[in-house]
Amino acid sequence: MRMKLRLAISGVCAVLLATAAAAEQIYRWVDEQGLVHYSDVPQDGAETVVVQPPATYSAPRPAATTSGSRQPVTDDEPDGYEGFTIVSPGAEETIWNTAGVIKVAVSPIPALLEGHSVNIYLNGQLIAGKSPTSLSAELTEVPRGEHTVTAEILDATGRVMMSAQPVTFFYRQTLIPNTTTPRIRPSPAVRPRPRALQQQPTLPARRPA
């Protein structure tokens with residue numbers, strides 16, 4: 001019986017404490033039987049118990065994230081892209097001896113949407129002759145040296161939806177030295193011209209004495 005009473009008192013105290021937490025002030029007293037009572041109503045001989053308000057925590061709102069140079073997609077533009085990268089050639093890649101032929105490939109995430117197109121540029125110049133929806137292009141007659149590839153996705157109106165991070169690569173061509181020694185034909189020998197025979201002067205005949 002005493003145990004049940006204590007449980008009941010504890011339950012009442014918990015309720016009163018919860019109510020008192022909202023009021024931030026309750027009263028406590030002990031009756032003639034030694035039982036402790038709590039109330040938010042003042043009683044004779046009760047002592048005041050100040051209850052601190054419960055601590056609260058508000059989680060911060062997650063910050064908006066951006067991906068590369070992706071433009072924000074508004075409510076009237078639900079079709080966006082999570083990423084767009086140039087997969088070939090690789091960044092800072094050195095390409096050797098391909099007779100000036102370089103293959104460029106890009107990858108949008110998700111796949112290219114209907115009505116959208118891709119432009120690929122080499123050193124700022126649009127690569128002509130490529131299908132608008134093709135994700136690759138073959139460059140020809142690329143000179144030796146450093147080059148930069150860029151690409152962008154356009155919607156049906158020609159507005160840029162997303163641009164890929166530029167990729168710089170290097171093209172090298174091995175020079176084959178000319179080891180053939182030119183054949184020098186000797187000049188014909190110059191023969192000295194024969195000297196002209198000098199004619200002896202003809203002496204006059206001597207008369208007999």
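**Entry 1: strand pairing**

I started at β4 and found 5 bridges joining it to β6, residues 102–109. The two strands run antiparallel. I count strands as DSSP runs of E with at least two residues, helices as runs of H or I with at least four residues, both numbered from the N terminus. Strands pair if DSSP finds at least two bridges between them.

This is a predicted model, so local features need pLDDT of at least 70 and side-chain atom pairs count only at pLDDT 80 or more, while totals for chains, interfaces and linings use all residues. Residues are numbered from 1 along each chain as its sequence is written, and side-chain values use heavy atoms, with hydrogens and water left out.

I then looked for the rest of the sheet. It is open, has 3 strands in the order β4-β6-β9, and its pairing is antiparallel. Its edge strands are β4 (83–88) and β9 (136–139), each of which pairs on one side only. Neighbouring strands here are turned by 20° against each other on average, direction ignored. For that angle, axes are lines fitted to C-alpha atoms (for helices over the stretch in contact), and angles run from 0 to 180 degrees between N-to-C directions.

Which residue of β6 stands opposite Gly83? I found Ile109 there.

**Entry 2: the whole chain**

I listed the elements: 1 helix and 12 strands. From the N terminus the order is α-β-β-β-β-β-β-β-β-β-β-β-β.

Of the 209 residues, 22% are buried. Buried means under 20% relative accessible area, exposed means over 50%, and partly exposed lies in between (1.4 Å probe, protein chains only). The accessible surface comes to about 16900 Å², and 54% of it belongs to carbon and sulfur atoms. Areas come from the Shrake-Rupley method with a 1.4 Å probe; for residues, only the protein chains shown count as cover.

I also checked contacts (heavy atoms within 4.5 Å). Among those between residues at least 6 apart in sequence, 59% join residues at least 24 apart.

**Entry 3: the core**

Which residues have the most contacts inside the largest nonpolar core? They are Phe84 and Ile120, in a core of 23 residues. The elements giving two or more residues to this core are β4, β6, β7, β9, β10 (145–154), β11 (160–163) and β12 (167–172). A nonpolar core is a set of buried Ala, Val, Leu, Ile, Met, Phe, Trp, Tyr and Cys residues joined through side-chain atoms within 4.5 Å. In soluble globular proteins, nonpolar side chains tend to be buried together.

**Entry 4: the loop between β6 and β7**

β7 spans 117–122. Is His116 buried or exposed? It counts as buried because its relative accessible area is 11%. A polar contact of 2.6 Å joins the side chains of His116 and Tyr81. Such a contact is a pair of N or O atoms within 3.5 Å; within protein, one must be able to donate a hydrogen and the other to accept it, and residues adjacent in sequence count only if both atoms are side-chain atoms. Beyond four places in sequence, His116 is also in contact with residues including Thr133, Ile153, Asp155 and Met161.

Leu113 is in the loop between β6 and β7 too. At 25% relative accessibility, Leu113 is partly exposed. Its C-alpha atom is 9.8 Å from that of Ile153, 40 residues apart along the chain.

I then moved to Thr133, in the loop between β8 and β9. Beyond four places in sequence, Thr133 is in contact with Leu112 and His116. Thr133 and Asn119 are 14 residues apart in sequence and 8.8 Å apart, C-alpha to C-alpha.

**Entry 5: backbone checks**

I looked up cis peptide bonds. One joins Ser88 and Pro89, with omega about 0°. Pro89 is in the loop between β4 and β5 (93–96). The bond from Ile109 to Pro110 is also cis, with omega near -5°. Pro110 lies in the loop between β6 and β7.

Next came positive phi in residues other than glycine. Asn123 has phi near 55°. It sits in the loop between β7 and β8 (125–126) and is partly exposed at 42%. Glu141 has phi near 55°. It is in the loop between β9 and β10, and its relative accessible area of 72% makes it exposed.
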